[in-house]
Amino acid sequence: TGIFWNFLEMIGRRGINILITLLLARFLMPGDFGLVAMVSVFFEIANALMDSGFREALIRKKDATANDYSTMFITNILLGLVAYSLLFIGAPLIARFYNEPRLILLVRVIGVVVIINSLQFIQIVDLSRKLDFKTQFKATIPAGVISGMVAIFMAIKGFGVWALATQMILSPLFITIFFWWINTWKPHFTFSQESFKELFGFGSKLFFSGLLDIVFRNIYVVVIAKLFTSSITGYYFFATKARDVVLQQLSASIQKVTYPALASIQDDDLRLKSGYRKVIQATTYIIFPAMVFLAVLARPIFIVFLEPRWLAGVPYLQLLCLAGLMYPLHVVNLNVLKVKGRSDLFLYLEIFKKILTLVILFISVRYGIWGLLVGQVATSFLAYLPNSYFTARLISYPPSEQIKDVCPALLSSASAGGVLLLINKIAIIKVSMFILALQVFAGFVVYLLLSKILKVESQEMIWEICHASFCKKFCKN
């Protein structure tokens with residue numbers, strides 16, 4: 001049921017974001033997205049500092065008390081203020097690094113989001129521990145609609161990059177307001193040093209791991225923004241955002257629910273392995289066709305929804321989708337370490353992978369923007385082996401079994417993608433919304449049929465989850 005509501009929330013929120021992003025792109029220039037791309041890494045670092053791993057530490061704790069909640073709440077607010085202060089002071093340095101004076105005010109204004117998020121995270125923890133994703137659905141959907149409408153109005157009126165900035169601020173602001181209005185949890189304003197030490201002991205390693213991940217996940221944006229034009233940065237950032245709208249949220253909708261659920265059986269390795277097999281099958285069953293279809297249909301999508309000036313970003317999106325195929329496998333394997341409480345191994349693993357990223361980045365940057373994109377694909381595939389190593393040791397779920405579990409979904413996705421590619425090659429009708437919708441429909445029909453023929457386990461499992469959730473909501477018995 002949690003997955004059902006979280007999936008609805010993801011579909012609604014991401015659907016709204018896709019529509020808003022496409023509409024904004026019609027009125028904004030690639031350079032506007034490039035400016036936001038330049039500073040996005042600093043906002044993510046500030047948010048990571050504010051969170052500091054406390055959220056996952058508290059979700060994982062079996063016997064969390066009111067003192068734990070209040071301690072985290074106070075800590076997050078204080079860390080949020082510190083993080084925003086660092087952004088405010090460092091804004092001129094960021095602008096000087098990119099040689100872009102407009103970034104000073106942009107950083108100082110959008111940076112307020114960090115403080116807003118510090119008021120939101122404790123509510124997310126409380127609702128996640130209760131697996132109450134229905135309430136999160138009620139909060140995020142209206143917030144996305146309101147912030148998106150305001151941003152589109154500003155883009156039409158010629159506010160440029162400030163339309164994007166306004167959306168980035170208003171969305172978390174309204175989500176936070178709705179959380180505090182709907183959820184029953186209220187702070188007690190008590191602080192426990194013992195609780196802080198316990199939560200930070202586990203969370204700190206996740207914080208440093210997350211910090212490394214943020215820096216290196218955004219290192220390509222930083223390098224591209226430094227070496228190339230703001231337009232090229234805008235193409236890359238827009239393509240990344242378009243992919244992640246599908247990729248990260250589809251994966252997160254399942255991971256967000258299963259992390260607290262599987263954390264409750266962390267001491268039972270057999271049940272944990274069984275649970276993670278289902279997670280990895282369900283996630284890849286959704287992610288694989290999404291990435292394949294998005295890559296194959298990238299050009300028709302850009303033609304239908306965007307202005308011609310954006311067509312140069314099509315190959316960016318296609319290569320990023322190829323790299324994104326491995327994302328669910330990375331997330332699931334790293335989640336095992338968090339559930340088992342091995343945040344130390346998590347940190348060591350992240351350090352090793354970042355060294356790998358630097359080596360590939362150093363080699364690929366010599367070949368320009370295309371070398372960097374191909375380098376990302378190589379990094380994504382090479383990182384799978386170290387990510388899966390400890391999963392094999394901790395719960396006896398080796399790479400060979402994982403690959404066997406995901407191969408049917410991958411084969412079905414590739415075959416369905418081939419059908420779409422063939423339609424693209426032989427199509428003589430001008431690309432339109434109807435033709436694009438027909439292609440998507442045909443692709444999913446082929447995918448579902450092949451999944452049925454290959455007897456993909458996750459197809460039946462997902463159907464049972466959706467059917468049970470629907471009956472619980474709408475049936476009397």
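Modeller: Buried means under 20% relative accessible area, exposed means over 50%, and partly exposed lies in between. Please keep in mind that this is a predicted model.

Colleague: Is Glu307 buried, partly exposed or exposed?

Modeller: Glu307 has 25% relative accessibility, so it counts as partly exposed.

Colleague: Which side chain does Glu307 meet in a salt bridge?

Modeller: That of Arg26, with an N to O distance of 3.1 Å. The pair links distant parts of the chain, 281 residues apart: Arg26 is in helix H1, and Glu307 is in the loop between helix H13 and helix H14. Arg26 is partly exposed too, because its relative accessibility is 34%.

Colleague: How many salt bridges does the count come to?

Modeller: The count is 4 salt bridges. Among them is Lys273 with Glu401, whose closest N and O atoms are 3.1 Å apart. Lys273 lies in helix H12 and Glu401 in helix H19, so this pair ties together parts 128 residues apart in sequence.

Colleague: Turning to pockets, what lines the second largest pocket?

Modeller: Its lining includes Phe288, Met326, Tyr384 and Cys407. By class, the lining has 10 nonpolar, no polar and no charged residues. Helix H19 gives the largest share, 4 residues. The volume of this pocket is about 170 Å³.

Colleague: And His330, is it buried or exposed?

Modeller: His330 counts as buried, because its relative accessibility is 12%. This residue lies in helix H15.

Colleague: Which side chain does His330 join in a polar contact?

Modeller: The side chain of Asn387, at 2.9 Å. His330 also touches other residues, including Ser380 and Tyr384.

Technical notes:
Residues are numbered from 1 along each chain as its sequence is written. This is a predicted model: local features need pLDDT of at least 70, side-chain atom pairs count only at pLDDT 80 or more; totals for chains, interfaces and linings use all residues. Side-chain values use heavy atoms; hydrogens and water are left out. On a 1 Å grid over the protein atoms alone, a cavity is a set of points where a 1.4 Å probe fits but cannot get out, and a pocket is an open set with protein on both sides within 12 Å along at least five of seven lines; lining residues have an atom within 4 Å of a point. Grid points are joined across faces, edges and corners, and a volume is the space filled by probe spheres set on the points. Helices (H or I, at least four residues) and strands (E, at least two) are DSSP runs, numbered from the N terminus. Ala, Val, Leu, Ile, Met, Phe, Trp, Tyr, Cys and Pro count as nonpolar, Asp, Glu, Lys and Arg as charged, and the others, Gly among them, as polar. Buried means under 20% relative accessible area, exposed over 50%, partly exposed in between (1.4 Å probe, protein chains only). A polar contact is a pair of N or O atoms within 3.5 Å; within protein, one must be able to donate a hydrogen and the other to accept it, and residues adjacent in sequence count only if both atoms are side-chain atoms. Contact means heavy atoms within 4.5 Å. Lists of a residue's contacts leave out its neighbours within four places in sequence.
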